[in-house]
Amino acid sequence: MATELPGRQATGAATDGGAGDGAGARLPQLHDARNPGTDLDLDWVMSAQANTSAIERRAATLPARRTVKKAHQAAWLLKAVTLIDLTTLSGDDTPGRVRRLCAKARRPVRDDLLEALGMGPVTVGAVCVYHEMVPVAVEALAGSGIPVAAVSTGFPAGLSPFRLRVAEIGESVAAGAREIDIVISRRHVLTGNWRALYDELREFRAACGEAHMKAILATGELGSLRNVARASLVAMMAGADFIKTSTGKEAVNATLPVSLVMLRAIRDYFERTGYRVGYKPAGGISKAKDALNYLALLREELGRRWMEPDLFRFGASSLLGDIERQLEHHVTGRYSAAWRHPMG
Ligand SMILES: O=C[C@H](O)COP(=O)(O)O
């Protein structure tokens with residue numbers, strides 16, 4: 001559904017210094033619907049640049065600039081909980097582990113802490129698992145409204161036969177996954193074959209059907225921030241609902257500089273097409289203070305509209321435990337042992 005907006009005030013993003021500001025007269029018609037993609041625009045892709053030293057400088061100063069006042073920190077951390085894709089992606093995953101994770105997803109924060117913070121119940125954004133665990137997670141989350149996300153397309157390397165990668169998406173959707181986290185072929189980026197990358201992603205998107213597609217770029221393997229910017233644009237042109245940094249299995253996973261590049265690509269795409277694409281940093285985000293940094297960057301670059309589960313997720317297997325510890329400290333003034341928060 002397209003929404004003709006009368007002015008920039010009509011978009012949440014544009015009212016708080018986020019995406020939309022600066023677009024001026026060229027702000028396009030805005031859309032509430034999921035991103036359908038565009039044709040591959042190679043001129044646009046090739047025009048994307050990344051000034052690595054400026055990006056790294058800006059990312060490095062973020063923790064000092066970040067001003068989430070103490071009183072607001074608990075609220076931000078609770079918001080972060082609702083944005084987590086609670087993840088288990090291990091070779092030794094079992095139905096029992098996935099069921100425990102799903103129970104945690106339903107009640108990620110203890111009731112007494114929520115009560116002390118004056119908050120009602122919250123849940124995480126999604127539970128993310130391998131295909132074989134999708135039916136278990138779907139059953140364990142029945143009635144909760146929490147979607148199951150499946151990693152797919154030969155995760156994490158994406159090097160299995162193409163037809164099997166496409167078929168894998170269909171199998172996970174049929175098993176009940178509402179979100180599919182696909183991996184791209186890094187070689188298409190490294191050889192500058194943007195057409196091949198676009199065509200591959202177009203097929204993945206078609207195979208997803210109604211399920212939302214998160215495109216994992218594996219940024220730690222793309223060679224440069226410029227490649228990250230270009231791959232981000234191609235993924236959005238191919239119809240990605242989210243762009244995601246990493247599988248969690250690369251040597252380098254989510255970072256703030258990479259996030260800055262991807263968030264700006266999302267802003268560029270929004271300003272040109274009117275479609276909002278989501279962002280998912282993933283891999284190695286395990287501390288509450290890291291989550292606050294990512295949220296601060298998100299708010300600075302895209303505005304508050306993006307701070308919702310339909311447009312932002314943390315891909316994380318152990319972040320929730322640290323956030324719970326920090327919330328407990330906020331409420332009681334004491335830290336509990338990490339073992340008291342074993343899942344997530
Ligand atoms: O997509 C999610 C990642 O695989 C999670 O990575 P992590 O275990 O480093 O939090």
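In this predicted model, strands β5 (residues 126-129) and β6 (residues 148-151) run side by side in the parallel sense, joined over 3 bridges. Zooming out, β5 and β6 belong to an open sheet of 8 strands with parallel pairing, laid out in the order β10-β9-β8-β7-β6-β5-β4-β11. The edges are taken by β10 (278-280) and β11 (314-316), each of which pairs on one side only. Going from one strand to the next, the twist averages 25°.

Next comes the ligand. Its surroundings are made up of T87, L89, C128, T247, G248, A282, G283, G284, G315, A316, S317 and S318. Sorted by class, this shell holds 4 nonpolar and 8 polar residues, and no charged ones. C128 of the shell sits in β5, which spans residues 126-129, while G315 and A316, also of the shell, fall within edge strand β11 (314-316).

As for helix packing, α12 (residues 256-273) and α13 (residues 288-302) have axes that come within 10 Å and cross at roughly 30°. Angles under 35 degrees count as roughly parallel, so that is how α12 and α13 lie to each other. The crossing of α12 past α13 is right-handed. On the α12 side, the contact uses L256, S259, L260, L263, R264, I266 and R267; facing them in α13 are N293, Y294, L297, L298, E301 and L302.

Terms used. Residues numbered from 1 in each chain as written. Predicted model: local features only at pLDDT ≥ 70, side-chain atom pairs only at ≥ 80, totals over all residues. Pairing = 2+ DSSP bridges. Helix = DSSP H or I, 4+ residues; strand = E, 2+ residues; numbered from the N terminus. Axes fitted to C-alpha atoms, helices over the stretch in contact; angles between N-to-C directions. Near = placed C-beta within 6 Å. Nonpolar A, V, L, I, M, F, W, Y, C, P; charged D, E, K, R; others polar. Parallel < 35°, antiparallel > 145°, perpendicular 65-115°, else oblique. Left-handed = near helix turned anticlockwise from the far one by under 90°. Contact = placed C-beta atoms within 7 Å.
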